[in-house]
Amino acid sequence: MKTTTITPNVTQLTRFRFVNAFLVREEDGFTLLDTTMRAADALIEAADGAGGSIRRIALTHGHGDHVGSLDALKERLGDEVEVLMPELDARIHAGEQVVEGKLPGSWPKLETKPDRLLQAGDRVGSLEVVASPGHTPGHVSFLDTRDRTLLAGDVFTTYGSAAVTNHFYWRFPFAAMATWDKAEDLESARALRALEPAILLVGHGPPLRDPASAMDAAIAQG
Ligand SMILES: [Zn+2]
């Protein structure tokens, strides 16, 4: 697992060179944002290495490459960890049909039930939950209110430059292939841009500092 310090409060953890999770520092330890896949031990070690333990696991959406270590983490950390999932994606995982038709992307079976369902405007420590549906019905992003670092899940990728996941992008086609509603995804990209983030962090790709113009270009392309 590759570890990259982004800000004094945020560390990016990269698994298999293509999927990111993040440790967000709070007074009581870390919020782990997304879990990559088959990485429970490595994620716990990374938190130890960064000097804290994982207190909460917050998910941007329900796709397998983001929730893929959740059950193993829950098994290791037990009731000490709180699990937070966007409401609609949690209902999809619970087997409810929340939208018409088949959902693209991988939705692996999860044993872990969330302790808290996330809605726009909720707070998770220093993070504010921002609605960003489209890639999945319930997709949310998280804004670090301390310094406007934006954790945008799969609304954008940042290989080469920023791209919105509403259209095929040759550098990383998988994200767009898994996107449920392309028009809504683009609307969410606009909403995230309007937050004036200082740093853009995503599920797939490197951190992007001062991302305004790159996000504008991505939205124009999208
Ligand atoms: Zn995804």
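Tutor: Let's start with a pair of side chains: Thr179 and His135 are joined by a polar contact of 2.8 Å. A polar contact here is a pair of N or O atoms within 3.5 Å; within protein, one has to be able to donate a hydrogen and the other to accept it, and residues adjacent in sequence count only if both atoms are side-chain atoms. Before going on, some ground rules: this is a predicted model, where local features need pLDDT of at least 70, side-chain atom pairs count only at pLDDT 80 or more, and totals for chains, interfaces and linings use all residues. Residues are numbered from 1 along each chain as its sequence is written, and side-chain values use heavy atoms, with hydrogens and water left out.

Back to Thr179. Its place is the loop between helix H5 (173-177) and helix H6 (182-193); helices (H or I, at least four residues) and strands (E, at least two) are DSSP runs, numbered from the N terminus. The Thr179 side chain also gets to the backbone oxygen of Ala175, at 3.1 Å. Leaving out residues up to four places away in sequence, Thr179 touches Pro104, Gly134, His135, Thr165 and Asp185, where contact means heavy atoms within 4.5 Å.

Now follow His135 to the metal. His135 coordinates the zinc ion through NE2, alongside His61 (NE2), His63 (ND1) and Asp154 (OD), at 2.2 to 2.3 Å. Donors are N, O and S atoms within 2.8 Å of the metal (3.2 Å for Na, K and Ca), and water is not among the atoms, so sites may look incomplete. What is the geometry of the site? Irregular: the angles among the 4 donor atoms run from 87 to 176°. For four donors, tetrahedral needs all angles between 85 and 135 degrees; four count as square planar and six as octahedral if opposite donors are over 155 degrees apart and all others between 65 and 115, and anything else is irregular. Along the sequence, the donor residues follow the spacing H-x1-H-x71-H-x18-D. Two of them, His63 and Asp154, tie together distant parts of the chain, 91 residues apart. His63 belongs to the loop between strand E5 (54-58) and helix H2 (64-67), and Asp154 to the loop between strand E11 (149-151) and strand E12 (156-157). Both are buried: His63 has 3% relative accessibility, and Asp154 has 2%.

Pro133 gives another view of this region. Pro133 sits in the loop between strand E9 (127-131) and strand E10 (140-144) and is buried at 19% relative accessibility. With residues up to four places away set aside, it touches His139, Glu184, Asp185 and Ser188. Asp185 turns up in the contact lists of both Thr179 and Pro133. The C-alpha atoms of Pro133 and Ala183 are 9.9 Å apart, although 50 residues separate them along the chain.

Zooming out, the chain holds 7 helices and 15 strands. The C-alpha trace spans about 45 × 40 × 30 Å along its principal axes. Of the 222 residues, 56% are buried, and among contacts with a separation of 6 or more, 60% come from residues 24 or more positions apart.

Most residues other than glycine have a negative phi. Phe16, though, has a positive phi near 55°; it lies in the loop between strand E2 (10-15) and strand E3 (19-26) and is partly exposed at 41% relative accessibility. Arg38 has a positive phi too, about 45°, in the loop between strand E4 (29-33) and helix H1 (40-49), and is exposed, with a relative accessible area of 62%.

Terms used:
Buried means under 20% relative accessible area, exposed over 50%, partly exposed in between (1.4 Å probe, protein chains only).
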